[in-house]
Amino acid sequence: MLDDLKRQVEKMLDGRDPGHDFEHVMRVYKNAQKIGEEEGADMRVLLASVLLHDLVVYPKGSAKRSKSADDSADIAEKILQKRGWPKAIINRVSYCIRTHSYSKRIRPVTLEAKILQDADRLDALGAIGIARTFSVGGSENRKFYNPEDPFWKSSREPDDTVWTLDHFQAKLLNLQNTLHTKTGRRVARERTRFMSDFIRQLAKEI
């Protein structure tokens, strides 16, 4: 059942930007599998919500950006209804999707929703997080870093709408503190250390 759903999502996300494409979904899927098995989640609800969580992604800066999760959930409900999934399960999947977004600042209450949020945020950290950050920065034609103060030594506020590296200080280095599960926090700490090492290496090179 999940494999069939996976194939449908892969077709739906064909041509999507690399920050939110099908490979992103599959990395989140693997993160969720690992966390869910260790934390005792309902894997059917969890993995369905992972597959369907990014069906709609509005561009950064769009007035509709905060609606991405809700619009994804609306489409997900219709997909699962057509497949004959029980309404109670659909509602749980929908809740996970609606609460996963970082920009909505919602603290979920169900285990599966917490794990989806954790699994999605882990893909913003570590080596893949660095790759995704600079991919987005490049697509929006941002400079790599502020040449006068690349590493926030002055009192300036990070501005990740102009400087890609500022996104590390504005969000990514603190993201580990927002995770809910013990497993997710452990992985997040490891990936955050890697990002800090990257910044130290970058400082040497520039």
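Let's start with R142. At 14% relative accessibility, R142 counts as buried, because buried means under 20%. Keep in mind that this is a predicted model.

Which residue does R142 pair with? Its side chain meets that of E140 in a salt bridge, 2.6 Å from N to O. E140 has a relative accessible area of 34%, so it is partly exposed.

Side chains of opposite charge can pair when their charged atoms come close.

How many salt bridges does the structure hold? The count is 17. Let me walk you through some others.

Take R83 and D4. They form a salt bridge, and their closest N and O atoms are 2.5 Å apart. This pair links distant parts of the chain, 79 residues apart. R83 sits in the loop between α4 (68-82) and α5. D4 sits in helix α1, residues 2-12. R83 has 30% relative accessibility, so it counts as partly exposed. D4 has 36%, so it counts as partly exposed too.

Next, R92 and E112. Their side chains meet in a salt bridge, 3.6 Å from N to O. R92 lies in helix α5 and E112 in helix α6, so this pair ties together parts that are 20 residues apart in sequence. Now look at the accessibility of each partner. R92 is at 34%, so it counts as partly exposed. E112 is at 9%, so it counts as buried.

Back to E140 and R142 for a moment, with their 2.6 Å salt bridge. Elsewhere, salt bridges that share partners join several residues into one network: D70, D74, E77, R98 and K104. Find those five names on your screen and trace the network they form.

Which residues form the positive surface patch? They are R107, K182, R185, R189 and R193. Let's zoom in on one of them, R107. Where is it found? R107 is in the loop between α5 (87-99) and α6 (111-122). Its relative accessibility is 63%, so R107 counts as exposed. The cut-off for exposed is over 50%.

To recap. R83 and D4 link distant parts of the chain. R92 in α5 pairs with E112 in α6. And R107 is exposed, as one of the residues in the positive patch.

Definitions and conventions
Residues are numbered from 1 along each chain as its sequence is written. This is a predicted model: local features need pLDDT of at least 70, side-chain atom pairs count only at pLDDT 80 or more; totals for chains, interfaces and linings use all residues. Side-chain values use heavy atoms; hydrogens and water are left out. Patches are made of residues with over 30% relative accessible area and no salt bridge: like charges are joined within 9 Å, nonpolar side chains (Val, Leu, Ile, Met, Phe, Trp, Tyr) within 5 Å. Accessible areas come from the Shrake-Rupley method with a 1.4 Å probe; for residues, only the protein chains shown count as cover. A salt bridge is a side-chain nitrogen of Lys or Arg within 4 Å of a carboxyl oxygen of Asp or Glu. Lys and Arg count as positive and Asp and Glu as negative; His and the chain ends are not counted. The place of a charge is taken as NZ of Lys, CZ of Arg, CG of Asp or CD of Glu. Helices (H or I, at least four residues) and strands (E, at least two) are DSSP runs, numbered from the N terminus. Buried means under 20% relative accessible area, exposed over 50%, partly exposed in between (1.4 Å probe, protein chains only).
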